[in-house]
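Dear colleague,

I am passing on the structure we spoke of, followed by an account of what was found in it. Please look through the coordinates alongside the notes below.

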Amino acid sequence: MDLIRILIGLLLVTWRSSVVFAHADPSSCARLATMLAPCVGYISGQQPSRPSNFCCSSVKNLKGMMKTKDDRVVICNCVKQAISVIKFDPKRIPLLPEKCDINDIQLPPVDKDYDCEKTKLVHMEVL
């Protein structure tokens with residue numbers, strides 16, 4: 001729980017106006033970090049088998065925010081900023097949709113070196 005507070009606090013301190021959702025609703029990376037905080041246990045390996053229900057709910061909400069390429073790039077950069085303060089396994093990020101039974105989203109293995117401009121963060125339309 002202290003890790004989550006540190007993560008949220010750091011984001012609130014380091015948040016810059018240039019990192020604001022242009023098209024998505026919520027309007028800041030700090031809000032996104034708060035929303036995704038329940039996933040920290042899973043991506044850090046503290047919950048090895050399955051993300052919490054709260055995490056899965058957050059991933060579903062994230063899916064709804066990814067309407068445009070710009071949204072996806074900004075979200076990716078926010079995630080990149082948020083996870084920079086925790087120890088985690090980037091290979092666990094792409095597993096979130098599968099583990100949460102969300103079939104129409106793909107998440108990349110974001111880490112400090114990931115180029116969000118070339119993001120593969122995809123919201124796939126279901127036919």
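For what follows, Ala, Val, Leu, Ile, Met, Phe, Trp, Tyr, Cys and Pro count as nonpolar, Asp, Glu, Lys and Arg as charged, and the others, Gly among them, as polar. By that division, the lining of the largest cavity consists of 21 nonpolar residues, with no polar and no charged residues. Please keep in mind throughout that this is a predicted model.

To begin with the overall layout, the protein has six helices and two strands, and from the N terminus on these elements run α-α-α-α-α-α-β-β. Of its 127 residues, 43% count as buried, and the accessible surface comes to about 7300 Å², of which 55% belongs to carbon and sulfur atoms. Among contacts between residues at least 6 apart in sequence, 62% join residues at least 24 apart.

The interior comes next. In soluble globular proteins, nonpolar side chains tend to be buried together. Here the largest nonpolar core has 31 residues, and those with the most contacts inside it are Leu32, Ile43, Leu62, Ile75, Ile83 and Leu96. Helix 2 (29–36), helix 3 (40–43), helix 4 (53–65) and helix 5 (69–83) each supply at least two residues of this core, with the largest share, seven residues, coming from helix 5. Leu96, leaving aside its neighbours within four places in sequence, is in contact with Tyr42, Ile43, Pro51, Cys55, Val59 and Leu107.

What does the search of the whole structure find in the way of cavities of 30 Å³ or more? There is one, and the largest cavity has a volume of about 260 Å³. Of the 21 residues that line it, Leu36, Ile43, Val79, Ile83 and Leu96 lie nearest its centre. Helix 2, helix 3, helix 4 and helix 5 each contribute at least two residues to this lining, and helix 5 gives the most, with five residues.

Helix 2 deserves a separate word: six of its eight residues are buried, so this helix is largely enclosed by the rest of the structure. The buried residues in helix 2 are Cys29, Ala30, Leu32, Ala33, Met35 and Leu36. Two of these residues, Met35 and Leu36, are in contact with Ser58, which also touches Pro38 when neighbours within four places in sequence are left aside. Ser58 lies in helix 4 and counts as buried, because its relative accessibility is 6%, which falls under the 20% cut-off.

Two loop residues complete the account. Cys116 is placed in the loop between strand 1 and strand 2 (122–123) and, at 2% relative accessibility, counts as buried. Not counting residues up to four places away in sequence, Cys116 touches Val73, Cys76, Asn77 and Lys80; Cys116 and Val73 are 43 residues apart in sequence, yet 5.4 Å apart in space, C-alpha to C-alpha.

Is Asp101, by contrast, buried or exposed? With a relative accessible area of 60%, Asp101 is exposed, and its place is in the loop between helix 6 (95–99) and strand 1 (105–106). Most residues other than glycine have a negative phi. The phi of Asp101, however, is near 60 degrees, a positive value in a residue other than glycine.

With best regards

Definitions and conventions:
Residues are numbered from 1 along each chain as its sequence is written. This is a predicted model: local features need pLDDT of at least 70, side-chain atom pairs count only at pLDDT 80 or more; totals for chains, interfaces and linings use all residues. Side-chain values use heavy atoms; hydrogens and water are left out. Helices (H or I, at least four residues) and strands (E, at least two) are DSSP runs, numbered from the N terminus. Buried means under 20% relative accessible area, exposed over 50%, partly exposed in between (1.4 Å probe, protein chains only). Contact means heavy atoms within 4.5 Å. Accessible areas come from the Shrake-Rupley method with a 1.4 Å probe; for residues, only the protein chains shown count as cover. A nonpolar core is a set of buried Ala, Val, Leu, Ile, Met, Phe, Trp, Tyr and Cys residues joined through side-chain atoms within 4.5 Å. On a 1 Å grid over the protein atoms alone, a cavity is a set of points where a 1.4 Å probe fits but cannot get out, and a pocket is an open set with protein on both sides within 12 Å along at least five of seven lines; lining residues have an atom within 4 Å of a point. Grid points are joined across faces, edges and corners, and a volume is the space filled by probe spheres set on the points.
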